[in-house]
Amino acid sequence: MPDNNRLNVAKLVVTDIIVFISAMLLVALFLLQRFGTEKVSFLFSPIMVIWLLMTPLVGVYNIIIHYPKILKAVS
């Protein structure tokens, strides 16, 4: 049971870190907005492109690795 508690603590720490990083990104975006939305969008656009490309790639990877039965059902 102690290992389970360690896992729960680790999950909480990771969740807290993700929330902190997300909040800092939002604060940074709002602070940069005074320089104009054009500059903010110029800085943020590559991040969004990577996000939009990675989301379906991760989904396809997970289907192929973890749920190959889905592909068999399609054919």
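The accessible surface of this chain comes to about 7,100 Å², and 76% of that area belongs to carbon and sulfur atoms. Keep in mind as you look around that this is a predicted model. Of the 75 residues, 1% count as buried.

Part of the surface deserves a visit of its own. Val9, Val13, Ile17, Phe20, Ile21, Met24, Leu25, Val27 and Leu31 together make a nonpolar surface patch of about 850 Å². One of these residues, Val27, sits in helix α1.

Now for the overall fold. The chain has 3 helices and 0 strands, and from the N terminus the order of elements is α-α-α. The radius of gyration is 19 Å, well over the 11 Å that the globule rule gives for 75 residues, so the chain is more spread out than a compact globule. Along the principal axes, the C-alpha atoms fill a box of roughly 50 × 45 × 10 Å.

How confident is the predictor? The pLDDT of the chain averages 85, and 96% of the residues score at least 70. The two ends of the confidence range among the elements are set out here:

| Helix | Residues | Mean pLDDT |
|---|---|---|
| α1 (lowest) | residues 2-32 | 82 |
| α2 (highest) | residues 37-66 | 90 |

Helix α1, where confidence is lowest, is also the helix that holds Val27.

Notes:
Residues numbered from 1 in each chain as written. Predicted model: local features only at pLDDT ≥ 70, side-chain atom pairs only at ≥ 80, totals over all residues. Heavy atoms only, no water. pLDDT = per-residue confidence, 0-100. Helix = DSSP H or I, 4+ residues; strand = E, 2+ residues; numbered from the N terminus. Rg over C-alpha atoms; globule rule 2.2 N^0.38 Å. Buried < 20%, exposed > 50% of the residue type's maximum accessible area, 1.4 Å probe, protein only. Areas by Shrake-Rupley, 256 points an atom, 1.4 Å probe, with all protein chains shown as cover. Patch = residues over 30% accessible without salt bridge, like charges linked within 9 Å, V, L, I, M, F, W, Y side chains within 5 Å. Salt bridge = Lys/Arg side-chain N within 4 Å of Asp/Glu carboxyl O.
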